[in-house]
Amino acid sequence: MAKLVAINNQKHRNLIIDTSKAEQYGAELNLIPTVLSEFVSLAVQYPIVFTKNGETGEFVCAAMLGFESSENLFWQNGQWQGMYLPLQIQRQPFFIGESSEQGNENIGENKDYIVCIDVESPMISEAELIKTDSCNKLYSDDGKESDYLIQAKNTLANLLQGEADTKAFITTLKAMDLLQPLSLEIAFVNEQTTRLNGLYTINQDKLAALSCDKITSLHQSGLLQPIYTMIASLAQIYALIERKNQRIQSYT
Amino acid sequence: MNKDIQNNNMKMTKTVVIVGGGIAGWLTAGRIAAYHKQSVKVILVESPSIPAVGVGEGTWPTMRSTLIALGISETDFIRECDASFKQGAKFANWVDGKDDDFYYHPLVLPQGFNQGDLAGYWLNKEEKNGRSFSEDVCFQEAICEKGLAPKTIRTAEYGAIANYAYHLDSGKFAVFLQKHCTEKLGVLHIMDDVNGVNTLENDDIKSVSTQESGDISGDLFVDCTGFSSLLLGKHFEVPFKSCSDVLFIDTALAVQVPYDHEDSPIASHTISTGQEAGWIWDIGLQHRRGVGYVYSSKHSSEEQAREVLAKYVGDKFDSLPVRKIPIVSGHREKFWQNNCVAVGLSAGFLEPLEASALVLVELSAQMISEQLPATREVMDIVAKRFNETFLYRWDKIIDFLKLHYILSTRTDNAFWTDNRNPDSIPESLKEMMQLWKYRSPADHDFTSNNEVFPAASYQYVLYGMGFKSDYSHSQHLLNDWKFAEQQFNKNNQMIKQASDALPTNRELLNKVRQYGFNEI
């Protein structure tokens with residue numbers, strides 16, 4: 001379980017992060033939440049789909065890494081095999097927390113975001129124990145933020161903005177009735193079949209039937225690109241099937 | 001043919017006047033308006049001074065289709081009508097009244113129902129594990145016992161992981177429907193008292209007179225005036241056929257019980273608990289429970305009845321207002337007379353043992369809407385078919401309700417023993433009971449298009465109450481024990497899966513209030 005603590009240059013002066021371990025977070029995820037800004041990077045290898053958040057039922061965008069829960073077909077031999085690591089993995093072990101200094105009256109307004117770290121993350125090593133290329137300090141000896149920390153904060157900021165953008169994207173798609181369930185029945189090389197469940201994609205028929213006004217507004221909001229990127233990324237499902245087939249065959 | 005009659009016959013059904021609001025009036029208005037849109041004018045006139053009966057909180061899964069047909073969002077419905085999910089009924093203390101005496105009539109069919117006679121295998125299996133019929137063949141009982149919801153926040157609206165219906169606040173539902181019908185479906189709403197009925201030469205209703213809105217004319221009149229049955233009963237004097245010789249209950253004492261706190265668990269099912277002279281219903285909405293004791297005044301005084309209800313409700317009872325509602329058990333000899341059709345309490349009423357009142361409203365509204373006679377010429381034919389259809393349905397419901405009583409072994413009050421008197425049992429039910437002595441109820445026992453309860457429902461009640469069909473003459477038909485075992489195992493699997501995946505009702509309803517269901 002994560003234990004999130006706001007970072008400061010006193011408590012965490014000596015923390016070293018081994019970034020090569022970031023990938024481990026995704027080892028057992030078959031769906032990873034994504035944001036609009038990384039669609040183009042993701043689409044090269046991963047199908048991008050919509051799925052529903054387990055807690056709220058709201059739609060989110062996700063990169064698909066496997067067919068079953070806990071199945072990540074890009075994780076092999078303790079390593080991430082993909083070309084691009086989704087931001088949700090890259091930003092580990094950092095999280096965004098909300099400061100509650102205002103007390104209860106202003107919940108939702110004037111939130112201050114603070115950078116937190118999961119102090120129980122396996123990525124954290126004690127200073128001086130391990131020194132490799134992938135090890136990065138959070139702070140310099142005199143307490144200044146390291147380049148690594150600055151970069152991590154930028155990633156978090158991208159994610160935060162990205163989440164807002166993606167939410168607006170989904171709201172627009174819903175308003176135009178452009179979402180539909182992704183229904184695909186798949187047979188693997190061992191004749192085991194699976195039917196995709198709980199995944200959604202763009203309704204291409206409805207998209208093609210949109211009025212000029214709606215298309216223009218999508219274009220002006222910069223949403224046409226992510227729409228078409230998602231559609232193009234669906235072809236990656238076949239590559240994913242191939243990966244699974246290879247994995248099945250390597251066990252037999 | 002007389003020219004006037006000819007003209008009258010050609011008259012198209014363009015205006016439907018519904019007299020009476022409440023759930024019956026608004027569901028009927030909504031069904032017709034949603035289906036016929038601008039082509040049929042729907043007017044609902046209701047009295048500002050006559051309140052609706054205010055009970056009637058259990059529904060069937062058909063209500064989901066009805067809401068969809070009216071274009072209503074499930075999220076809105078749940079938020080505005082204090083609604084919760086109903087997955088069947090739990091009948092406690094109906095057999096011998098002991099503490100562990102209960103069984104379920106769930107909404108999901110027994111496993112493998114369409115593939116084989118699982119009930120037969122269940123009755124004859126060697127390992128009697130002490131579990132009841134519904135427990136062994138249907139995973140829904142386990143869900144209900146744990147207070148779990150029939151789906152998750154990720155399920156699309158109206159979708160189900162386990163089949164479900166609703167419990168709802170009838171007053172709020174009527175207001176909600178009124179708003180939807182007037183704002184989205186173009187129904188014209190007139191708040192006024194009807195004080196007269198004006199007729200044509202052929203005895204059809206030409207219009208109803210009102211206190212301040214003049215005469216309201218129409219081609220078809222729907223009587224939703226409740227127990228008073230203003231049009232069908234009072235004006236057309238269609239006789240009432242009592243069934244108090246079969247179902248003895250004639251009074252209800254109803255009370256609304258608050259939860260102990262905001263997060264108290266909400267039951268997944270209607271609880272029906274047998275009492276000395278009747279039974280108590282217990283329906284859990286989001287913000288309160290609806291509880292009522294229905295009893296026979298021939299077998300209990302009102303004072304005794306209040307005591308029974310007080311004991312069930314507990315400490316809070318003394319501070320709660322109790323409503324007494326007389327129940328005249330039975331229905332009109334026909335429902336459609338001339339150009340007037342009754343829907344709801346104006347057509348009839350039975351004790352709410354299987355929540356049949358609202359489903360009869362839904363079915364009536366649907367038939368009127370889908371078979372709306374194009375002209376007066378065909379109205380008599382539609383009326384005849386409507387009457388046949390619903391007379392059949394009322395009879396079947398009476399039989400099914402009686403079934404709950406004849407299988408009881410309670411002897412603590414004459415109410416129970418009188419209920420088993422053969423003179424009080426309809427012939428049709430006696431006949432079926434004879435057949436079921438030797439085999440389980442099956443689909444081929446219910447072949448009319450107008451059936452109300454499926455064979456599975458009869459199985460749940462029969463075997464839930466300990467009835468034993470004797471298969472000694474048909475052991476040869478139980479020739480696929482592998483199938484049976486598969487089904488029992490599948491049921492256990494599904495119980496486990498459901499228990500792991502499903503939230504509690506309270507959790508899910510809170511999430512629906514906050515996030516809503518998605519349409520897909």
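# Briefing on a predicted two-chain model

In chain A, 73% of the contacts between residues at least 6 apart in sequence join residues that are at least 24 apart.

**Chain A overall**

- Chain A is made up of 252 residues, of which 26% are buried, and its secondary structure comprises seven helices and 15 strands.
- Taken along the principal axes, the box filled by the C-alpha atoms of chain A is roughly 60 × 55 × 30 Å.

- Asn136(A) belongs to strand 11 of chain A, which spans residues 135–137.
- With 17 other C-beta atoms within 10 Å, Asn136(A) counts as partly exposed, because that class lies between the limit of 12 or fewer for exposed residues and that of 20 or more for buried ones.
- When neighbours within four places in sequence are left aside, the contacts of Asn136(A) are Ile16(A), Ile17(A) and Thr19(A), together with Ser146(A) and Tyr148(A).
- Between Asn136(A) and Met83(A) there is a separation of 53 residues in sequence, and their C-alpha atoms are 22 Å apart in space.

**Contact between chains A and B**

- Chain A contributes 11 residues to the contact and chain B contributes seven residues.
- On the side of chain A that touches chain B, strand 12 of chain A (residues 179–181) gives the most, with three residues.
- By class, the residues on that side of chain A are four nonpolar, five polar and two charged.

**Helix 2 and helix 8 of chain B**

- Helix 2 of chain B (residues 22–36) and helix 8 of chain B (residues 170–184) have axes that come within 9 Å and cross at roughly 30 degrees.
- Angles under 35 degrees count as roughly parallel, and helix 2 and helix 8 of chain B are therefore roughly parallel to each other.
- The crossing of these two helices of chain B is left-handed.
- From helix 2 of chain B, the residues making the contact include Trp26(B), Leu27(B) and Ala33(B), while those from helix 8 of chain B include Phe173(B), Leu177(B) and Cys181(B).
- The contact of helix 2 with helix 8 of chain B has nine nonpolar and five polar residues, with no charged residues.

**The seven-stranded sheet of chain B**

- Chain B holds an open sheet of seven strands in the order 5-4-14-15-16-13-17, and the pairing within this sheet is mixed.
- Strand 5 (102–106) and strand 17 (323–326) of chain B are the edge strands, each of them pairing on one side only.
- From one strand to the next, the twist of the sheet averages 20 degrees.
- Strand 4 of chain B (residues 88–92) runs antiparallel to strand 5 of chain B and is joined to it by five bridges, with Ala89(B) standing opposite His105(B) of strand 5.
- Helix 15 of chain B (residues 455–464) lies across strand 4 and strand 5 of chain B, and its direction is at about 175 degrees to strand 5 of chain B.

**Strand 1 and strand 2 of chain B**

- Strand 1 of chain B (residues 15–19) is mostly covered, since four of its five residues are buried.
- Five bridges pair strand 1 of chain B with strand 2 of chain B (residues 41–46) in the parallel sense, and Leu44(B) in strand 2 is the bridge partner of Ile18(B).

How values were computed
Residues are numbered from 1 along each chain as its sequence is written. Chains are lettered from A and ligands numbered from 1 in the order in which they are written. This is a predicted model: local features need pLDDT of at least 70, side-chain atom pairs count only at pLDDT 80 or more; totals for chains, interfaces and linings use all residues. Two residues are in contact if their C-beta atoms, placed from the backbone, lie within 7 Å. Ala, Val, Leu, Ile, Met, Phe, Trp, Tyr, Cys and Pro count as nonpolar, Asp, Glu, Lys and Arg as charged, and the others, Gly among them, as polar. Axes are lines fitted to C-alpha atoms, for helices over the stretch in contact, and angles run from 0 to 180 degrees between N-to-C directions. Angles under 35 degrees count as roughly parallel, over 145 as roughly antiparallel, 65 to 115 as roughly perpendicular and the rest as oblique. A crossing is left-handed if the near helix is turned anticlockwise from the far one by less than a right angle, and right-handed if clockwise. Two strands pair if DSSP finds at least two bridges between them.
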